[in-house]
Amino acid sequence: MRKYFKRFTSLVLAMIMLCGVLPFAAAEEDTETDVWTTVASMSAARYNFQTEVVNGNIYAIGGYNSGARSYMEVYNPASDTWSTLASMSEPRYDFSTEAINGKIYAIGGRNNSGYLSSMEVYDIASNTWSTLASMLEARCEFSTQVIDDKIYVMGGRASSTLSSMEVYDPSTDIWTTLSSMSTARYEFSSELINGKIYAVGGRLVSSMEVYDSVSNTWSTLASMPETRQKYQSEVIDNKIYVIGGYSKSSVPLTLVEVYDCVNDTWNTLASMSEARYAFETNVVDGEIYALGGYSDSDYLSSMEKYDPVSDIWTTLSSMSEARYIFSTKEIDGKIYAIGGSNTTALASVEVYAVTDTGDTTGDTAGDTTGANALLRITMVTGAIKEYEMTATEISAFISWYSSEGASSPMYIIEKTYNLGPFNSRTDYLPYNKIADFEIMEY
């Protein structure tokens, strides 16, 4: 699954805003643990697989190990256990997954016989896979995004490189052909910003274009300065950061560039300390963590993080095991590195705690749990929702939002004020429907 983001407001900045309206306890500064910890391994070693987070659990699906695999298992971080689940009906790798409303969709890819157009869905509640309508075109190494619970599939390759795009509606089990990209591309990145899909680069491609789902049109944007593939991209504050990969001449890159969606411009940023491709990135608290991968005939275990405010990369502790073509997921400020390959397929899993709450003893400026502020949320539809919250409640919302809704795709708010004729009122806020939020004095 290609990760999708909207405007990201970091936990650090949000807490600074809170400090302007609420009296917080004086405490020692949070310190990074900078330690990797080995946790329970998967039952099946694999690489080139997919993972999804649903209700705080990590689902590992399919992949490759001496052939395409169909098996699936789930990791519970609370108990540090993996459980084997029902297998897909078709083994697949180089495919995509999306999680929507408690179900995981596995789309396309390839197996030992060739390229796939098939799709199936996993129901978490019943632990069953069901076959759905196939895509109109077989493809692997493509990209997907979700808008209004519909799955948009673009690019990839089969017998040739593809520019085509189609959309799947789960409510009707129907695929519909949409406008094609102007450039065929595979091994590329896509990002979702303000309801529009940005397709970035790809193998031997530096061009970029944006799709408007309302008008069903693609528009060409400024190209990346550097052609690259097997890179990573992340979105922070409506800017797309493109990181590493390897060049047109197959040279591993340390290069980092950023695209400004407002001005349609690219800028070069500070480079990573180590060239890498087929690696992973995660955004935590507004900083980008880059880990693992491959470079100059070496499998990498190293990790570094980028601060967009200072434009500085900092080297952190290395993983206990080098790995590439692996998967990472972030849950509650912890980065899980799962499976992958070095000289052989891996089942091992390790976790990195980005921050530690630290010791909060010392003088206090008063109890903050009951102090109120106003959380104002702007939805993608333009609607504005306001909630009176305590500092503790706002902190919980920020943690959920910063994790991209990892623990749950919905944030539930129980209102106990302005109820009208009701005794209580529950609001459900989907992560992918939130455009922005701010914290105001109440």
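Modeller: Of the 442 residues of the chain, 54% count as buried, where buried means under 20% relative accessible area, exposed means over 50% and partly exposed lies in between, with a 1.4 Å probe and protein chains only. This is a predicted model, in which local features need pLDDT of at least 70 and side-chain atom pairs count only at pLDDT 80 or more, while totals for chains, interfaces and linings use all residues. Residues are numbered from 1 along each chain as its sequence is written, and side-chain values use heavy atoms, with hydrogens and water left out.

Colleague: How many helices and strands does the chain have, and what makes a run of residues count as one?
Modeller: The chain has two helices and 37 strands; these are DSSP runs numbered from the N terminus, a helix being H or I over at least four residues and a strand being E over at least two.

Colleague: Why is strand β14 called largely enclosed?
Modeller: Five of the five residues of β14, which spans residues 189-193, are buried, so the strand is largely enclosed by the rest of the structure. Both of its faces are covered, with S189, E191 and I193 buried on one side and S190 and L192 buried on the other.

Colleague: How do you know that β14 and β15 pair?
Modeller: Two strands pair if DSSP finds at least two bridges between them, and five bridges join β14 to strand β15 (residues 196-202), the two running antiparallel.

Colleague: What is the order of the strands in the open sheet, and which are its edge strands?
Modeller: Four strands form that sheet in the order β10-β11-β12-β13, with antiparallel pairing. The edge strands are β10 (143-147) and β13 (174-178), because each pairs on one side only. Strands of a sheet pair through backbone hydrogen bonds, either parallel or antiparallel. Between β10 and β11 (residues 150-154) there are five bridges in the antiparallel sense, and Q145 has Y152 in β11 as its bridge partner.

Colleague: What makes D94 and R110 a salt bridge?
Modeller: A salt bridge is a side-chain nitrogen of Lys or Arg within 4 Å of a carboxyl oxygen of Asp or Glu, and the side chains of D94 and R110 meet at 2.7 Å, N to O. D94 lies in the loop between β5 (81-85) and β6, and R110 in the loop between β7 and β8 (119-123), so the pair ties together parts that are 16 residues apart in sequence. D94 and R110 are both buried.

Colleague: How do you know that E137 and R139 form a salt bridge, and is each of them buried or partly exposed?
Modeller: Their side chains meet at 3.7 Å, N to O, in a salt bridge; E137 is partly exposed, with a relative accessible area of 30%, while R139 is buried at 0%. A search of the whole structure finds 18 salt bridges, and E90, R92 and E120 are linked in a network of them.

Colleague: What makes M410, I412 and Y428 a nonpolar patch?
Modeller: Patches are made of residues with over 30% relative accessible area and no salt bridge, like charges being joined within 9 Å and nonpolar side chains (Val, Leu, Ile, Met, Phe, Trp, Tyr) within 5 Å. M410, I412 and Y428 form such a patch on the surface, with about 310 Å² of accessible area together, as computed by the Shrake-Rupley method with a 1.4 Å probe, only the protein chains shown counting as cover for residues. Y428, in strand β36 (residues 425-430), is exposed, with a relative accessible area of 52%.
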